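Hi,

Here is the structure I said I would pass along.

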Amino acid sequence: VQLQASGGGLVQAGGSLRLSCVASRRTFSNNAVGWFRQAPGKEREFVASISWNGGITTYADSVKGRFTISRDHAKNTVYLQMNSLKPEDTAVYYCATARRIAYSEEEYDYWGQGTQVTVSS
């Protein structure tokens with residue numbers, strides 16, 4: 001099982017980025033997918049999650065209204081659109097799969113390698 005996260009980079013505060021998480025059809029087809037992030041010196045934290053059919057999404061309070069998670073089954077890709085970025089959003093962002101939508105990383109089975117997002121003030 002391999003998940004590939006991409007789309008990170010350096011952006012100014014207020015800017016936008018779109019992260020992508022690609023995996024095989026078998027990996028994504030019946031699984032929820034979540035995004036987590038880990039800032040330097042901090043524990044990894046939940047960002048957003050989407051159900052297997054895209055019908056249910058959930059977000060951390062810190063990103064609600066600014067980030068949008070979506071999925072495209074035809075492309076076996078899950079996206080995280082990040083708008084109005086803040087310096088505190090700086091972190092390595094990871095995608096992962098779970099049997100159901102969940103907040104806890106213990107619920108997630110497979111993880112991608114992470115992509116760095118840096119927001120300058």
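C21 and C95 are both buried. Bear in mind as you go through this that the model is predicted.

Those two cysteines are where I started. A disulfide joins C21 to C95, with an S to S distance of 2.1 Å. With a cut-off of 2.5 Å between cysteine sulfur atoms, the count comes to one disulfide. Where in the chain do C21 and C95 sit? C21 belongs to strand β3 (residues 17–22) and C95 to strand β9 (residues 91–98), so the pair links distant parts of the chain, 74 residues apart. As for handedness, the torsion about the S-S bond of C21 and C95 is about 70 degrees, so this disulfide is right-handed.

Next, the backbone. N76 is not a glycine, yet its phi is positive, near 50 degrees. You will find N76 in the loop between β7 (67–72) and β8 (77–82). Is N76 buried or exposed? Its relative accessible area is 16%, and buried means under 20%, so N76 counts as buried.

S84 is another one to look at: its phi is positive too, about 50 degrees, and S84 is not a glycine either. This serine lies in the loop between β8 and β9. At 40% relative accessibility, S84 is partly exposed, whereas N76 is buried.

If you open the model, I would go to the C21 to C95 disulfide and then to the loops that hold N76 and S84.

Cheers

Notes. Residues are numbered from 1 along each chain as its sequence is written. This is a predicted model: local features need pLDDT of at least 70, side-chain atom pairs count only at pLDDT 80 or more; totals for chains, interfaces and linings use all residues. Side-chain values use heavy atoms; hydrogens and water are left out. Helices (H or I, at least four residues) and strands (E, at least two) are DSSP runs, numbered from the N terminus. Buried means under 20% relative accessible area, exposed over 50%, partly exposed in between (1.4 Å probe, protein chains only).
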